[in-house]
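Please look through the structure below with an eye to its aromatic rings and its pockets. The report that follows takes these topics in turn.

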Amino acid sequence: MTASIVGWAHTPFGKFDTETVESLVVRVATDALADAGISAGDVDEIVLGHFNAGFSPQDFTASLVLQADPQLRFKPATRVENACATGSAAVHQGIRAIAAGAAKIVLVVGVEQMTRTPPAEIGRNLLRASYLPEDGDTPGGFAGVFGKIAQAYFQKYGDQSDALAMIAAKNHKNGVANPYAQMRKDFGYEFCRSESEKNPFVAGPLKRTDCSLVSDGAAALVLTDAETAKTMSKAVNIRATAHAQDFLPMSKRDILQFEGCSVAWQRALQSAGVQLSDLSFVETHDCFTVAELIEYEAMGLTPRGQGARAIKEGWTQKDGKLPINPSGGLKAKGHPIGATGVSMHVMTAMQLLGQAPEGMQIKDAKLAGIFNMGGAAVANYVSLLEPAK
């Protein structure tokens, strides 16, 4: 065990014209401290996950957390960034501070406000999470990058349109029970499978239902060391963490392997002394449905090229042998870049304490995994969580 989550907060994800990065940060920071029953004066360190990359006119945002309470003034506060894995980078940074003995209580916040940015600019901003000398002119932006990955996967393993539609339908169905999700609508398999005016092709074989949403939102959590956690009203232990960073250019690796994802999962499972089959559920990074499909293989759920089996045979449904994305994932929940990884940890902690919203709760959840990815399997973060005994 490396640290414990003892409190959290989460805004709904969506489009918020009346919010700012600052207001979102202040809201979740205040609420997470209250949820943990901790005074702002007791916080030793602050870590903010905020991708930005042009989404917010206000940059240099670590100190915005101080706006939540005057007692946070003069606390160490650092902003971290690792593309779409920024939120988990912040969580892991907080855990490292505790493991190093540099802090006993860390406040971690993740935030992004994307929807005020014009669509063409959103595409350009997100494309910065790829290797520009190779991918900078990709039509469709980051969706185009994953469209190329999907196309290459189809060429090697056959058309997987049925499996991708099933993943999209599963996650949208799960998202209905999540009050924090941006899109709470069960579209069904047929809608996700069929090209239509409301579900056009976006890039390669990827349709609109294969792509996560542009979102605003924030999430926060309070981390403590093991001794402090014993005095708290609730605690979820971080059993293990792993971070594997891969080459940025896709030309330097087999992109269909998601090798960094595999390495991170192997390291985390080995560190915890458990196997994938010991997990009650997983929250994984479905920025695009093809990413979730390949992640099934990279985490070891199926052999390479057979990820479709996991969804077609029902393994990853809420009542399957390894439920994946019971929250609805990025597909339904939305993907405010800097907030996503923190959100995944909050959703998982809720599940493990039996406090997930009605209809979303996985029965008797004992051990859970999180995989948060930056870029096309470049920044790979895995966390394993369990309820405090």
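Predicted model: local features only at pLDDT ≥ 70, side-chain atom pairs only at ≥ 80, totals over all residues.

The rings of F146 and F288 form a stacked aromatic pair, with 4.8 Å from centre to centre and 25° between the planes. Because F146 belongs to helix α5 while F288 lies in the loop between β9 (281–283) and α10 (289–298), the pair ties together parts that are 142 residues apart in sequence. Ring pairs also bring in F142, so that F142, F146 and F288 are linked into a cluster.

The structure holds 5 aromatic pairs, and one of them is formed by F51 and F55, whose rings are tilted, with 6.3 Å between the centres and 45° between the planes. F51 and F55 are both buried as well. A pair of aromatic rings is described in this way, by the distance of the centres and the angle of the planes.

## Charges over rings

Rings can also be considered together with charged side chains. The charged end of K234 sits over the ring of W8, at 3.7 Å from the centre of that ring, and the charged end of K321 sits over the ring of W315, at 3.8 Å from its centre.

## The largest pocket

Rolling a probe the size of a water molecule over the atoms shows where empty space is left. The largest pocket contains about 690 Å³ of space, and 32 residues line it, of which C211, S212, L213, V214 and F288 lie nearest its centre. F288, the residue that stacks with F146, is therefore found again in this lining.

Which elements each supply at least two residues of this lining? They are α3 (119–127) and α5 (141–157), and α3 gives the largest share, with 4 residues. When the lining residues are divided by class, 17 are nonpolar, 10 are polar and 5 are charged.

## The second largest pocket

About 190 Å³ of space lies in the second largest pocket, and its lining is made up of V80, A89, H92, Q93, I95, R96, T241, A242, H243 and Y381. The elements that give two or more residues to this lining are α2 (86–99) and β8 (236–245), with the largest share, 5 residues, coming from α2. By class, the lining of this second pocket has 5 nonpolar, 4 polar and 1 charged residues.

How values were computed. Residues numbered from 1 in each chain as written. Heavy atoms only, no water. 1 Å grid on protein atoms, 1.4 Å probe; cavity = no way out; pocket = protein on both sides within 12 Å on 5 of 7 lines; lining within 4 Å. Points joined across faces, edges and corners; volume = space filled by probe spheres on them. Nonpolar A, V, L, I, M, F, W, Y, C, P; charged D, E, K, R; others polar. Phe/Tyr/Trp six-rings, centres within 6.5 Å; stacked < 30°, edge-to-face > 60°. Buried < 20%, exposed > 50% of the residue type's maximum accessible area, 1.4 Å probe, protein only. Lys NZ or Arg CZ within 6 Å of the ring centre and 35° of its normal.
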